[in-house]
Structure formats: structure tokens, C-alpha cells
Amino acid sequence: MKTIKYLFAVIATLLSFTSCEEDGDKIYLQSLSGNELIASTTDVTLNADVAQQIVLSFAWTDQTIVISDENVGTAAKVVASLEASLSEDFSGTVSETETTSLSHAFTGAELNTIANTVGATIGQSNAIYFRLGSATGTNIPSAYSNVVKVNVTPYEMDMNTGIILDASKNATGETLYSANADGIYSGFIVANAWENFYMREGNGMVWGNIGEDGKPFVLSNESTQWNMWYPNASGCYYVTVNTQGEEWSALHVSSLTVSGLAGEDVAMTLNESSNEWLATFTADGAESRTITISGQGEQFNATTGTDSGQSTSIAFAMNGESLSLAETAGSINVEVPQAGECTIRLNLSDPTNWTVTVEAGGAEIPVTYPETLDVVCYSNDGSETFMTTLRLTDSANGIYTGTYSGEYRSEINIVDRTNGVWYGCDPTDNSKLSSADDKWNIWFDGSGAVSITVNLSEMTWRYEPIGTGTGNMSMYKFNRDTWTISDLVIELEETSENIFTGTFNSYYDFDFVFVGEDGTLYGTTWSETNQNGTSLEANSFGSPLWIYGYEWGVTPNLTITVNLTTMTWSYTENN
């Protein structure tokens, strides 16, 4: 009996709760009304140049969630979606872009994607209709704004092609290729030593080097990026730009050899103007031949830096119907058209289609120049003393530049180590180079630092004195492209033994070196322990100097200190 009474009490309590809920007032969430939508423009023409720029913006009026009881709050939020369609009634394919703000801006790449999604015609003006749908929940019908028409001309976004840009971000006509459109681009590029460049993707993204000292071959698409730059060797590079891994690399191709055409291997020569390697040979007759192509190079990447590459083997092989790089040289079939003199060409100019062909007749083999020349004091007894290295700064014309500030002024030879040629001067003209047996040793007058220029295409050389000012130490601009000194920047005074200081408060947009009163040049060589370039090297240095921590285009106010005891330099910021 007690149990029954207890159950009736529980039921009565539950009924009392139910009565309270029925007796109370219901609370309602008022439906949203449509927003007012406006667009920034009515006509947009898209291309890769505007892909990363804002090309179309929308704004709309706010929506306020209204509840029947103003004393009650709600967690409901307005969820808005910009819809786009080729149909004014949005009966066709619809692209949706969710947003929680009161405006939204589209870049050229984003708008191009929307245009492609809804089925717009490439290269033609398409009327695309936009509206804003707003709702307070996923199961609640949206309230729509007015419809806005925008005429959009989309373009074909080619994510297979990476466009090479020069230092001013203008297209050079050279490209890299991404077979899988996955942001990894590669191809062969002919470049000069220290040449710089950017790369632009089909979506308009421009990649350069990260704008930090001591990080060559590290990519960045930020506004603070620097250009990418090749190492100190001219010639043919296999370039890989990996935007996924944010690194790039450059494999310098030093030599290529063909086997299987004649009785012995045939060395190939690079034609820089056409980006192809070629060689002439004497064929036994018209026939099919199986050949291999291999060679040697130096790999430069984020690990090696730009000063010294890692020795790397190079080989080509067939990959189906396409020629590709391989770990080991594979068989390549070619058709030899005739007996007698023929020319083989390996054309690497098109990153999507490398080709090997053999043609009848000989071809003019371009002159190739070594990467460097040594300047030595050469005695009649055959001994030599190294003075400096000249670097190839114009590979088409064989022009080399460099500097020297030592004591040797006569008995000089310029040495081509690659080809084993020692150049002196014509007996009747010191400015004319000669490798003949009756050549004289070169000389130059005066003392102090000089810049040296050699032109092998014209077989001439010249030198120009480099002034050192009136101070004890001078700071000079240094042209990395020509490897020469130009304008005097500041003079530093010796404030204590072997320590020189000076004030720099000028526009900074250059590399530089220090030049001592005796003509000694001070540069540096980048390494893991010298990432800021503060360690100095005299004369035969690997790189000019830079102001670490500062980007070009600023005007810092610094006190610069050179310490020849520790062979370092530093700066402090002035207030």
C-alpha cells in the first residue's frame, strides 16, 4: 500500500511540471529578411597578372536576430553564403562561399575558380549572378538578398607552367614544368653567374627567396621576399622549384658526353642561345644507333649554399616516349641519316619535351669559356704565385672580371686551367692577349687595388686602379654581376690598432667590400658558422658583404666597425 501511494505521488509531481510548461508563454525566433547586396564593380577581366590581387568585393547590410521575448538571449548566429550562378534564378550550378562578416573580397584566382565551377566560358565575358543567402541554422531556409550581375571574363589557369621572371618581375620567356600540377616545377635554364629571378605560378603566386640572410634556396611568397639567385657559375642549370617544400635547387651541368655514335665517346658543347648541347661526329653510314648520354655537374641547394656545390652525376634515359633524367644512363635510339659528318643535338629548351636528334652535316660548335681564370705571377723557371681569380660575367662574349690588391705588378700570366692555356700579352701591345710561344708577361703600373677585365672573344685585357680615399679603410659598393668595385660609400678611421670605425647613414641597396689603405680587399665567405657574413677574408673571398638584418630600400643609421685583429666587422645602431 505504501508503494502504490509513492507511485501516485511521483506521477502527480510530473503532471505538475507538465502543467507549468503548458501554462507558460512560448518564445519565438523571428525569421530573417533578405539583405541588401552591393558589388564593387560590374565588369572583371581575369588573367595571371591579377590572380593575387583583389578584383571584386561585395558588401551587405547587417541582420539582427529578433526574439519574441527581449529578456531571453539566444546562441543562434547568422550564417551567410555568397552564391554565384550563370542562371539568374540560380537553377543551374551554384558556387557557394560561406562568410560571417558583412563583406567579402575575391582575388583574381578565387573569382576565376568560381567562374570555372559554374561553367563560364574561358576567354569570353560571362554574366555571373551573385546573391547572399542568410540563415540562423542549417535546417532553416535561407533568406536571400537582391541579385547582382557581374560580367566576368575568366582565363585558363595553367598550374603546369612556372613562368620565369627577371629581377623586375617581367617574363623572360623561359618556363619550368610541373607534370602533376602539384607545385613542383623543373626544367633546364641557361643562366649567368649570380643571375637573379623569380617564378610565377598560373594562379599568379610569385615565388622568390626568403628575405633573410644566410638562407639561399629557401622559397617565400611573402612581400618581404628577395629574388632567387644562381651560384657563381654560368651555364646550363637543371632547376627545381618546390613550392610544397618551400625550397628550390640548381644542378649546374658542367659536361655531357655521348656514347655509341662513334668509336669513342663524343664530348658535347652547350649552345647557350638555344639551350641545347651538340657535337659533331663521323658516322659509318645511315643506320639506327643506340646511344647513352651522361655527364657531371654540381648540385646547389639549401644545404650546400651558393659557394660550393656537391659533385653529381647526370644521366638521361627514355621514360616511355619521353626523354628524362635518370640515375643511370639508359638506351636512347636515334636515326643517323648518312655516312660522314653528322651533328647530334640534345635540346633542353622545352621543359615538357626534351629531344635528341641527329642531322646530316656538321654544325658550327659554339665557343665555350671556362668558368674562371686565374691570375698568377709566372716566372721563367715555371713556378707561379697565385694572385686572384677572375669570374665569367658575360658567358656569350667571354668577359671575366675581378680585383687584385697584392704586391705583384709584373711577370703576370692569365691562366685558363680548364683548357691548359697560359695567356701573356702580345710583344707589341700589353693590352692584347696572346698564348703564342713569343708572348710577353703582362704587367700593370702603380700600387693599390685594381679591377681586372679580360675579354677572350676579343683577346684583350685591361685594368683600372681602385681609389681608396683618404681614410685608413674604405667601404665600396661591389657589383656581384661583374665582380667589380664601383662607388666609394664611406671612409673609416683607425680609432685604435687594427680597428676602424665610420658612420653609415645612406640609402642601402647594394653589396659592398672594405678596401684597406694598402689596397687589400676584404669580403667574406658564407658558411653555417658565418651566416651573417661578419667574418672577413682578404682578397680572394667568396662573396661581397651585406648589412645583415636590413633589407635593401632602407636608410639605416649605423656605426660600422672593422677589426683586422679578429678579421671581423660589425655595426651598432645610432639613435
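**Entry 1: a pair of strands**

How many bridges pair strand E3 (residues 54-60) with E6, and in which sense do they run? I looked this up and found five bridges, with E3 and E6 antiparallel. Strands count as paired if DSSP finds at least two bridges between them. Helices (H or I, at least four residues) and strands (E, at least two) are DSSP runs, numbered from the N terminus.

**Entry 2: what I am looking at**

I noted that this is a predicted model, in which local features need pLDDT of at least 70 and side-chain atom pairs count only at pLDDT 80 or more, while totals for chains, interfaces and linings use all residues. Residues are numbered from 1 along each chain as its sequence is written, and side-chain values use heavy atoms, with hydrogens and water left out.

I checked the confidence next. pLDDT is the predictor's confidence in each residue, from 0 to 100. The chain averages 85, and 89% of its residues score at least 70. Contact here means heavy atoms within 4.5 Å. Residues 65-69 also have a pLDDT below 50, but that stretch has 19 contacts beyond near neighbours in sequence.

**Entry 3: the whole chain**

I counted two helices and 43 strands in the secondary structure. Of the 575 residues, 44% are buried. Buried means under 20% relative accessible area, exposed means over 50%, and partly exposed lies in between (1.4 Å probe, protein chains only). Among contacts with a separation of 6 or more, 58% come from residues 24 or more positions apart.

**Entry 4: the sheet and its helix**

Back to E3, to see its surroundings. Three strands form an open sheet in the order E1-E3-E6, with antiparallel pairing. Strand E1 (37-39) and strand E6 (103-107) are the edges, each pairing on one side only. The twist averages 15° from one strand to the next. H2 packs on this sheet, touching E3 and E6, and its direction makes about 90° with that of E6. For such angles, axes are lines fitted to C-alpha atoms, for helices over the stretch in contact, and the values run from 0 to 180 degrees between N-to-C directions.

Which residues of helix H2 (residues 108-118) are buried? I listed Gly-108, Ala-109, Leu-111, Asn-112, Ile-114, Ala-115 and Val-118. A handy reminder for my notes: an α-helix has 3.6 residues a turn, so residues three or four places apart point the same way. Just after H2, Gly-119 takes a positive phi of about 95°.

**Entry 5: a hairpin**

Strand E10 (residues 161-165) is joined to strand E11 (residues 171-177) by four bridges, and the two run antiparallel. Leu-165 has Ala-171 in E11 as its bridge partner. Five residues lie between the strands of this hairpin, and in it Lys-169 takes a positive phi near 65°. E10 also pairs with strand E13 (residues 196-200), antiparallel over three bridges. There, Ile-163 stands opposite Arg-200.

**Entry 6: salt bridges**

I found nine salt bridges in the structure. The rule is a side-chain nitrogen of Lys or Arg within 4 Å of a carboxyl oxygen of Asp or Glu.

Arg-131 pairs with Glu-83, the closest N and O atoms being 2.9 Å apart. This pair links distant parts of the chain, since Arg-131 sits in strand E7 (residues 126-135) and Glu-83 in strand E4 (residues 79-85), 48 residues apart. Are the two partners buried or exposed? Arg-131 is buried at 16% relative accessible area, and Glu-83 is buried at 7%.

I also looked at Ser-81, found in strand E4. Ser-81 counts as buried because its relative accessibility is 12%. Not counting residues up to four places away in sequence, Ser-81 touches Glu-96, Thr-97, Glu-98, Arg-131, Leu-132 and Gly-133.

Arg-417 and Glu-384 form another salt bridge, with the closest N and O atoms 2.5 Å apart. Arg-417 lies in the loop between strand E31 (412-416) and strand E32 (421-426) and Glu-384 in strand E29 (residues 384-394), so the pair ties together parts that are 33 residues apart in sequence. Arg-417 is partly exposed at 41%, and Glu-384 is partly exposed at 33%. Last, I noted that shared partners join Glu-276, Arg-345 and Glu-359 into one salt-bridge network.
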